[in-house]
Amino acid sequence: AMLDYFRRHSFQTGTNFDDPMLSPVKASRSALKALPPTLIQLCGFDPLRDQGRRFGALIQEAGGEVNIKNYDSLIHGSISLAGTIREARSMIDDLAQFLEVWV
């Protein structure tokens, strides 16, 4: 219900949620396989967590390269709390390490 609320208040009526540019889980297998190496960071208390898991699984099934990292104690947006929460700092460190390898 919460996600539907935000969807209704974030997008215009009639928005096509089957468009892969808006809903990446709707992308074709070939498009998912063609993605660059991808890091998906999932927080345990994030309403978008399951969507992130699904997206990661779809990339894997398509043969793409994906690294899925779980941060079970964190909430959505907690990367902004890295100054006070150790696991949030770990998110930034993991992202930096991922980018260092691929950039």
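Okay, some ground rules. Because it's a predicted model, local features need pLDDT of at least 70 and side-chain atom pairs count only at pLDDT 80 or more, while totals for chains, interfaces and linings use all residues. Residues are numbered from 1 along each chain as its sequence is written, and side-chain values use heavy atoms, with hydrogens and water left out.

Let's start inside. Which residues make up the largest nonpolar core? There are eight: A27, L32, I40, L42, F55, I59, A62 and V66. By nonpolar core I mean a set of buried Ala, Val, Leu, Ile, Met, Phe, Trp, Tyr and Cys residues joined through side-chain atoms within 4.5 Å. Buried is under 20% relative accessible area, exposed is over 50%, and partly exposed is in between, using a 1.4 Å probe and protein chains only. Two elements, β1 (38-45) and α3 (49-62), each supply at least two residues of this core, and α3 gives the most, with three. Those labels are DSSP runs numbered from the N terminus: helices are H or I with at least four residues, strands are E with at least two.

Now pick out L32. Leaving aside neighbours within four places in sequence, L32 is in contact with P24, A27, F55, L58, I59, A62 and G64; contact means heavy atoms within 4.5 Å. There's also a second, separate core of six residues, including C43, L74, A88 and M91.

That brings us to S78, in the loop between β2 (66-75) and α4 (86-102). Is S78 buried or exposed? Buried, with a relative accessible area of 2%. Beyond four places in sequence, S78 is in contact with C43, A88 and M91, and C43, A88 and M91 are among the residues of that second core. A polar atom of the S78 side chain also lies 2.9 Å from the backbone oxygen of I75.

Staying in that loop, we also find I85. I85 counts as partly exposed, at 33% relative accessibility.

Last stop, N16, in the loop between α1 (2-10) and α2 (29-33). N16 is partly exposed, with a relative accessible area of 46%. Its side chain reaches the backbone nitrogen of D18 at 2.9 Å. And how far apart are N16 and R29 in space? They sit 20 Å apart, C-alpha to C-alpha, and 13 residues apart in sequence.

Note on methods. Polar contact = N/O pair within 3.5 Å; in protein donor to acceptor, adjacent residues only side chain to side chain.
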